[in-house]
Amino acid sequence: MVKKISLSLSKIKHSYNNKDFILNDINLDVSEGEIVAILGSSGCGKSTLLRLISGLEKLNHGEIEIFGKTVANRDFSIPPNHRNVGLVLQEKVLFPHLSVIENVKFGIKGKNIFRTKKALDLLNLFRVNQYVNSYPNNISGGEQQRVAIARAIAPDPQILLMDEPFASLDEDLRMDLRHETKKILNNNNITCILVTHDIEDANSMADRIIKLKDGQIDD
Amino acid sequence: MFYNSLFENLLKILPIFLFLIFVTPVVLVLFSLFYEYSENWFHLYNYVLNEYIINSIFLIFGVSFFVLLIGVLSSWLVTYYDFAGKSFFEWALILPLAVPPYILAYTFTEIFDTYGSANILLNNIFLLDDKKVFFPNVRNIYGAIAVFSFTLYPYVYLVSRMAFINQSISIIEAGRVLGLSRVGTLFKLSIPLIRPAIFAGLALVIMETLSDFGAVEHFAIPTFTTGIFRTWYGMYDLNTAMQLSSLLLIFVIIFLVIERISRSKASFVSSNSLYKKYNVIKLKGYNSIFAMLFCFTPVFMGFILPIIELINWTINYKLDFFNKDFIESSFNSLLLAIIAALLCTAISFLINFSARLHGNKFLSFLSSTLTLGYGVPGLILAIGITQLLTFIDNYVQFFHFNFIFTGSLIGLIIAYIIKSYALSNSSIESGFQRVSSSLDDVSKTLNISGIKLMYKIHLPLVKTGLLTSILLVGSEVIKELPATLILRPFNFETLAVSAYNYASEERMYEAAAPSIAIVIVGLLPIIILSRMIKSSRPGEALW
């Protein structure tokens, strides 16, 4: 069966100063449910690519499509809240004034009873259900990152974007979380773009690895 | 060696001694609740106390609503959006801090009264024969709400702006990706995250509103402060005035506690240490005009309009601006400002140095308790200090000491120091925090300690903080009205007292000269504040 293209990047060029292009002619198609790792050193443009896909950065040149729908080109850009993507970052960006369950419920739409049940299911899945009413400052870094991934998956995003999600964790925790995350993504058929500089992250998570060098895909 | 240890021991005693001087006036006022209650008290209780309480609460709610609306939204606009005049509004929104509420009240009445400048101007423009009245009367509680809102919103603007600047962009971006619009992130993330900081600013506004005397007196609104003043100076009943003050003080203490708790919680606002460059959104068309008008209105009402009116008084009525009275009151204000600023800065420096030198938590606790003095209304301080000085006078006369403290400059200076210690302490404390403790350790190995350590190492390193403190305290002293009015020596006029006296006799045009001088001096801390905000965001300069 031919899988649908969930994300299509065509001729992406991007610069912050209209001179030095941080991304230069990126073309990429990602199938539905596929996990693609983008590997590269610091400053090669991989985080910028995620910000462009999520809509946090406006595109200079090229086009981005999500499930066949153009979400950004040089003339217009759909705001991030209407793109249906999830984002997980390296640094802890849980909302510090909300409890763990409130964080996970944040992006879920619908009645409260449904939102609570879904959030609890996800917290259970990521084995952090014992911290439902705790606040982010009161749980460990690894647990915070589990909650962050649960929060990103909770609104059923069409694509999950992960920017060095395991970088701040110790080795044992990283292995555990990679394994769990991959399992959940596969079971739920979620497309994922994983940006990392760690070859281990890429090898253990991704169906396909793409190397980015000086703003271009390195064949 | 002997002098060094004497100096270090003196440093230990100084904060305790000052603590007693600072606290005694407040305790004396509170203690009055246990005195006998006079007929005047029962008269106040039966006929006017309800009015004082209702008016004060109405003022608090009205002012809180408007300062939150103006302060939070304007800081959000100038932090996250680019629109016409944004770089001007970033600092101009603080300008109304230079205008004390009583001066805005004086100018508002002259602008908006039936025969005020605004009505005359509009009648002339539209060539109306009938003198039409375009503006509602401002000499009421609604006018007072407007006056306090337009002069005090910068407290909320400043704390919100600092909190927005230091807010983690990643958290806001996470909210956007999770489905929130830009406005949604403001109400669901940005404001809840900076809520403690906003409460701290709001508590300051409420304390200032409750403490004000000049504006409410000019608008003839019965509140606690006008009631206290009338009871003392109208009924000559100091005891009842103190009992009334105690009630106000209890109100103020509640807000002081809220402010302190909010400040301690405010730290989580910047717990996330990711400082990326903001994606400042450029507003276009109507949105840009709306943002500009929203920011311009409070600057216009709180600063530009009163300044225009003050200049109008001065120019149109050909006042002899630098007359003898003005020069005399300026000299007096300057003298008081210099003495109080130098003393307050020296005390604050010595206490901070002592706390650092001895690493003593008790001294730090005393210092932070002394900072609570800014919240005590000037009127209450004046009453408490008068009581204290009367007691001291009785005591020293017993020893045939030929000096009367009551009615001297001493009471006034004590009041200023108590009111301004927090300002001075914040600048000096942050100066000390920037001096690495390793420097102290190295100095000790070089046999530099005690008094030598103070003037060879710390004094030069915190000199910017000292200068800032002198400017901030000096400017605050020149603006202070109620304490000056009560504690000044007989016939001793200052700029604030002159402005008050002229305004209370409806000689508004003569109030122009002292009022302008007060506003100009009030601009000093604003320049300092703008510089502080400029350098507040770690990582990348915002402007």
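**Figure 1. Overall build of chain A.** Chain A of this predicted model holds six helices and ten strands; helices (H or I, at least four residues) and strands (E, at least two) are DSSP runs numbered from the N terminus. The radius of gyration, taken over C-alpha atoms, is 17 Å for chain A, close to the 17 Å that the globule rule gives for 219 residues, so chain A is as compact as a globular protein of that length. The globule rule is 2.2 Å times the number of residues to the power 0.38. Along its principal axes, the C-alpha trace of chain A spans about 50 × 40 × 40 Å. Of the 219 residues in chain A, 53% are buried, that is, under 20% relative accessible area with a 1.4 Å probe and protein chains only.

Figure 2. Ser54(A) lies in helix H1 (residues 46–54) of chain A and is buried, with a relative accessible area of 0%. Apart from neighbours within four places in sequence, Ser54(A) is in contact (heavy atoms within 4.5 Å) with Pro80(A), Arg83(A), Val85(A) and Leu161(A), and with Val177(B) of the other chain.

**Figure 3. Contact between chain B and chain A.** Chain B contributes 20 residues to the contact and chain A contributes 22 residues. The area buried between the two chains is about 1,900 Å², with 64% of it from carbon and sulfur atoms; buried area is the accessible area (1.4 Å probe) that two parts lose on being put together, summed over both. Arg176(B), Val177(B) and Leu178(B) supply 35% of the area that chain B buries against chain A, more than any other three residues.

**Figure 4. Salt bridge between Arg51(A) and Glu173(B).** The side chains of Arg51(A) and Glu173(B) form a salt bridge at 2.7 Å, N to O. The rule, a side-chain nitrogen of Lys or Arg within 4 Å of a carboxyl oxygen of Asp or Glu, finds one salt bridge across the interface of chain B and chain A. On the side of chain B that touches chain A, helix H7 (169–177) and helix H8 (182–211) each supply at least two residues. The largest share of that side, seven residues, comes from H7(B).

**Notes.** Residues are numbered from 1 along each chain as its sequence is written, and chains are lettered from A and ligands numbered from 1 in the order in which they are written. Local features need pLDDT of at least 70, side-chain atom pairs count only at pLDDT 80 or more, totals for chains, interfaces and linings use all residues, and side-chain values use heavy atoms, leaving out hydrogens and water.

Methods. Buried < 20%, exposed > 50% of the residue type's maximum accessible area, 1.4 Å probe, protein only.
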